[in-house]
Amino acid sequence: MAFSSQGPVVYRDMQDGELAAIETIHASAFGRDEEARLPQAIINDGHEILSVVAAKGDYLVAHALFSALRGADGALALGPVAVVPDQQGSGIGSHLIRYGLDRAREAGWRSVFVLGDPAFYGRLGFEARLARGAAVPWAGPHFQALELVPQALDGWSGILRYPSAFGGEDII
């Protein structure tokens, strides 16, 4: 089967049978197996997730995974996110994350946390100040949050538990 990377970009939910392609996206974007295996580990562990992709023709070019967190009411973790190298810098990653955020909002999620570049995620509305109440090992300026529901994180503080696939049992 020939794959086409031409045509408009379509943003949609991941479909059954696409995990191998998603692993390839992450491997090509990061050049390491850790990130490539992370989506499958989270999905296989049975965590509640929202997994979205960007497709050009028959070719998947980007993937973003949102997984449920414990500790803050209705909170998701965003990550990993990857775009194939020849499509990076085209805006596909930003559009895909916005699509995923819209899907999360529609599904009733209240907030999203991410660890990443403040310049990139700040353009999407994420702020480090919103994540300050979360007790996590990676707290700091690169750990950010976005409220999908206004004031969802007002007054909240506590331990934020990530799926164990992010680095061990009961990551806090």
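Analyst: **The sheet and its helices**

Strand 4, helix 3 (residues 92–106) and strand 5 form a β-α-β unit that is right-handed. Right-handed means that, with the strands pointing away from the viewer, the path from the first strand over the helix to the second runs clockwise. Helices (H or I, at least four residues) and strands (E, at least two) are DSSP runs numbered from the N terminus.

The model is predicted: local features need pLDDT of at least 70, side-chain atom pairs count only at pLDDT 80 or more, and totals for chains, interfaces and linings use all residues. Residues are numbered from 1 along each chain as its sequence is written, and side-chain values use heavy atoms, with hydrogens and water left out.

Two strands count as paired if DSSP finds at least two bridges between them.

Take the pairs in sheet order. Strand 1 and strand 2 run antiparallel and are joined by 5 bridges, with D13 opposite V52 of strand 2. Strand 2 and strand 3 are also antiparallel, over 8 bridges. Here V53 has H63 of strand 3 as its bridge partner, and K56 has Y59. The hairpin of these two strands has 2 residues between them, and G57 there takes a positive phi near 65°.

Further along, strand 4 and strand 5 run parallel and share 4 bridges, with A77 standing opposite F113 in strand 5. Strand 5 and strand 7 (residues 143–147) run antiparallel with 5 bridges; L115 has F143 of strand 7 as its bridge partner.

How covered are these strands? Strand 5 (residues 111–115) is mostly covered, with 4 of its 5 residues buried. Buried means under 20% relative accessible area, exposed over 50%, and partly exposed in between (1.4 Å probe, protein chains only).

H63 sits in strand 3 and is buried, at a relative accessible area of 0%. Apart from neighbours within four places in sequence, H63 is in contact with residues including I22, H26, P39, V53, P80, A82 and L96; contact means heavy atoms within 4.5 Å. The C-alpha atoms of H63 and A82 are 5.5 Å apart, although 19 residues separate the two along the chain. P80, one of the contacts of H63, is in strand 4. The peptide bond between G79 and P80 is cis, with omega about 0°.

Helix 2 (residues 33–44) has 12 residues, which at 1.5 Å a residue should span 16 Å; the end C-alpha atoms are 17 Å apart, which agrees. The expected span is 1.5 Å times one less than the number of residues. Buried in helix 2 are E35, A36, L38, P39 and I42. Viewed down the axis of helix 2, these residues fall within an arc of 150°, so they line one face; the arc is that of the directions from the helix axis to the C-beta atoms. An α-helix has 3.6 residues a turn, so residues three or four places apart point the same way.

The buried residues of helix 2 pack against helix 1 (19–30), strand 2 (49–56), strand 3 (59–68) and strand 4 (75–83). E34 and N44, on the other side of helix 2, are exposed. After helix 2 comes G46, with a positive phi near 80°.
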